[in-house]
Every structure is written in C-alpha cells, then in structure tokens.
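This briefing sets out the architecture of the protein shown below, grouped by topic. Please keep the sequence and the model in view while reading.

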Amino acid sequence: MLGLVNQFSVFSNLSNGLRYENGTRRKVVLLTGATGTLGTHILHLLRSDDTLAQVICLVRGKSVRQRVSNALTSRQKEPLRSEARDIYRSVVCVKASLGEKNLGLSSQDTLYLSQNVSTIIHVG
Ligand SMILES: NC(=O)c1ccc[n+]([C@@H]2O[C@H](COP(=O)([O-])OP(=O)(O)OC[C@H]3O[C@@H](n4cnc5c(N)ncnc54)[C@H](OP(=O)(O)O)[C@@H]3O)[C@@H](O)[C@H]2O)c1
C-alpha cells in the first residue's frame, strides 16, 4: 500500500497551512466524502483536533453545509453550528463535484485551496 501511495502521490506542493499573525501555522485539511459513512466519522474526529485551523469539505448538491450537518446527526454526532459559533475547528463546506473539471470549483476557491491546504483526505 505504501508503495502505491509513494508511486502515485505528489504532495510536495502542499502548503504548511494557515499562517497566523504570531508566525505560527496550523494545518488545513481538505476532506471529500464528508456526507458518507467514512467521511462523517473522519470529520467528527478532525473537528475536535485543535492542531488544525480548518477542515474544508467538498460536497456536491445543494445546501452543502446542511447536508454535512444532517450526515453527522444521522450518525449521532454533533451537528455543525453556524461557523461563528462552532466550538470545534472551523468547518467550511464548499460545493464541488468530484467528476467535474477542477472539481466544479470556482477559480477563487481553487486558488484558496491550492495555497492553503496542507492535508488531503479523499474518501468520496
Ligand atoms: N465503508 C467502508 O468500510 C470502506 C472500506 C474500504 C474502502 N472504502 C472506500 O471509501 C470510500 C468511501 O466509503 P463510504 O462507505 O464512506 O462511502 P459512502 O457512504 O457511499 O460515501 C461516499 C461519499 O462520497 C461522496 N461522493 C461520491 N461521488 C461524489 C462526487 N462525484 N462528487 C462529490 N462527492 C461524491 C458522497 O456524496 P453524496 O452524499 O453526495 O452521495 C459521499 O459523501 C469509497 O471509495 C469506498 O469504496 C470504504
């Protein structure tokens, strides 16, 4: 398995995460499949990891934040709050479709992700 990861992964361009005014950095995780069985449990773990600045979920369809929140509650996990009041790490849900060119993302979102994501977890 590690051989496959090494052979097909190019992670050298990933960022070190968001940089804060005091010079520290915290990681930004990009997660696909956050409404699915595995993704919901992974998101639940990530959102309480205080070494992370952000978890960005790529989700297809409409009302993407509500969809992720519903997926969490359907598995007896805490729902997402409005971002300002979320006691967990900041969870950002972005509309995307994995089968589309550039994942269906706007150029602005693509730029933000390419500059800030430090870890990708693909379970979509
Ligand atoms: N569950 C296991 O025990 C297990 C074991 C080994 C490997 N895996 C692999 O791990 C992956 C996830 O498994 P799972 O059980 O969590 O699957 P799942 O419950 O069916 O979830 C799939 C997730 O991927 C999303 N997705 C699928 N196609 C998409 C697209 N075109 N654009 C955006 N999002 C898309 C789904 O979004 P929607 O909600 O919009 O459909 C959902 O969030 C699969 O590849 C599976 O083969 C799973």
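**Helix H3 and the overall fold**

In H3, the residues that count as buried are Val68, Ala71 and Leu72. (A residue is buried if 20 or more other C-beta atoms lie within 10 Å of its own, exposed if 12 or fewer, and partly exposed in between, with C-beta atoms placed from the backbone.) Seen down the axis of H3, these buried residues fall within an arc of 100 degrees, so they line one face of the helix; the arc is that of the directions from the helix axis to the C-beta atoms. The model is predicted: local features need pLDDT of at least 70, side-chain atom pairs count only at pLDDT 80 or more, and totals for chains, interfaces and linings use all residues. Residues are numbered from 1 along each chain as its sequence is written.

**Overall organisation**

- The protein contains four helices and five strands; helices (H or I, at least four residues) and strands (E, at least two) are DSSP runs, numbered from the N terminus.
- Along the sequence, these elements follow the pattern α-β-β-α-β-α-β-α-β.
- Of the 124 residues, 24% count as buried.
- Among contacts with a separation of 6 or more, 68% join residues 24 or more positions apart; two residues are in contact if their C-beta atoms, placed from the backbone, lie within 7 Å.

**Helices H2 and H3**

- The cover over the buried residues of H3 includes H2, E3 and E4.
- Gly39, Thr40, Leu43 and Leu46 are the buried residues of H2. They cover an arc of only 130 degrees around the axis, which puts them on the same side of H2.
- An α-helix has 3.6 residues a turn, so residues three or four places apart point the same way.
- The exposed residues Thr37, Leu38 and Leu45 lie on the face of H2 turned away from its buried side.
- E2, E3 and H3 are among the elements that cover the buried residues of H2.

**Strands and their pairing**

- Strand E1 (residues 18–19) pairs with E2 in the antiparallel sense over two bridges; two strands pair if DSSP finds at least two bridges between them.
- In this pairing, Arg19 stands opposite Arg25 in E2.
- The hairpin of E1 and E2 has five residues between the strands, and Gly23 takes a positive phi near 95 degrees there.
- E2 and E3 run parallel and are joined by six bridges, with Val28 opposite Gln54 in E3.
- Six of the eight residues of E2 are buried, so this strand is largely enclosed by the rest of the structure.

**The largest nonpolar core**

- This core has 20 residues, of which Leu31, Val55, Cys57 and Val68 touch the most other members. (A nonpolar core is a set of buried Ala, Val, Leu, Ile, Met, Phe, Trp, Tyr and Cys residues joined through C-beta atoms within 7 Å.)
- Two or more residues each come from strand E2 (25–32), H2, strand E3 (52–59), helix H3 (64–74) and strand E4 (90–95).
- E3 gives the largest share of this core, six residues.
- Leaving aside neighbours within four places in sequence, Leu31 is in contact with Gly39, Ile42, Leu43, Leu46, Val55, Cys57 and Ile121.

**Val59 in strand E3**

- Val59 belongs to strand E3 and is buried, with 24 other C-beta atoms within 10 Å.
- Not counting residues up to four places away in sequence, Val59 touches Ala34, Thr35, Val64, Arg67, Val68, Cys93, Lys95 and Ala96.
- Val59 and Gly33 are 26 residues apart in sequence, and their C-alpha atoms are 7.0 Å apart in space.

**Surroundings of the ligand**

- Gly33, Gly36, Leu38, Leu98 and Gly124 come nearest of the 15 residues around the ligand; a residue is near a molecule or strand if its C-beta atom, placed from the backbone, lies within 6 Å of it.
- Helix H2 (residues 37–46) gives the most to this shell, with three residues.
- By class, the shell has four nonpolar, ten polar and one charged residues. (Ala, Val, Leu, Ile, Met, Phe, Trp, Tyr, Cys and Pro count as nonpolar, Asp, Glu, Lys and Arg as charged, and the others, Gly among them, as polar.)

**Positive phi in loops**

- Most residues other than glycine have a negative phi, and most peptide bonds are trans.
- Gln76, in the loop between H3 and E4, has a positive phi near 60 degrees.
- With 7 C-beta neighbours inside 10 Å, Gln76 counts as exposed.
- Leu103, in the loop between E4 and helix H4 (107–116), also has a positive phi near 60 degrees.
- Leu103 is partly exposed, with 18 other C-beta atoms within 10 Å.
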